[in-house]
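Hello,

Here is the structure I said I would pass on. Please look at it first, then read the notes below.

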Amino acid sequence: VIAWKDTLFSDVNAAAGYANVGGTYTDLSRINFSLFQAGQWADESEKHQFQAEVLVHRFIPSRFILNLNRY
């Protein structure tokens, strides 16, 4: 999914005026994935990073969602 042509990445909420949004692997690397693993943020900066987004054009077919049967 991350390699699809129209997928974009935002390091904070994409609607924020200061968001870095783009479709390259460099843009993907700006997302703080270790913060998601921690499950919480420590300060306002991390709170904004916790709102990072992967933006997929249209939809993701269910066959690409590995944990769909858990919910």
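Is Arg 30 buried, exposed or partly exposed? The model is a predicted one, and in it Arg 30 has a relative accessibility of 40%. Buried would need under 20% and exposed over 50%, so Arg 30 counts as partly exposed.

Arg 30 forms a salt bridge with the side chain of Asp 27, at 2.4 Å from N to O. The count for the model comes to one salt bridge.

Next, Asp 11. This residue sits in the loop that runs between strand 1 (8-10) and strand 2 (21-22). Asp 11 is buried too, yet it has no salt bridge. The nearest side chain of opposite charge belongs to Arg 30, 5.5 Å away, and a salt bridge has to be within 4 Å. What Asp 11 does have is a polar contact of 2.8 Å, side chain to side chain, with Asn 20. Beyond its neighbours within four places in sequence, the residues in contact with Asp 11 include Ala 19, Ile 31, His 48, Gln 49 and Ala 52.

Last, the surface. Val 1, Trp 4, Ile 60, Phe 64, Ile 65 and Leu 68 make up a nonpolar patch there, and together they have about 460 Å² of accessible area. One of them, Ile 65, lies in the segment after strand 3 (53-55). With a relative accessible area of 34%, Ile 65 is partly exposed.

Regards

Methods
Residues numbered from 1 in each chain as written. Predicted model: local features only at pLDDT ≥ 70, side-chain atom pairs only at ≥ 80, totals over all residues. Heavy atoms only, no water. Buried < 20%, exposed > 50% of the residue type's maximum accessible area, 1.4 Å probe, protein only. Helix = DSSP H or I, 4+ residues; strand = E, 2+ residues; numbered from the N terminus. Lys, Arg positive; Asp, Glu negative; His and termini not counted. Polar contact = N/O pair within 3.5 Å; in protein donor to acceptor, adjacent residues only side chain to side chain. Contact = heavy atoms within 4.5 Å. Patch = residues over 30% accessible without salt bridge, like charges linked within 9 Å, V, L, I, M, F, W, Y side chains within 5 Å. Areas by Shrake-Rupley, 256 points an atom, 1.4 Å probe, with all protein chains shown as cover.
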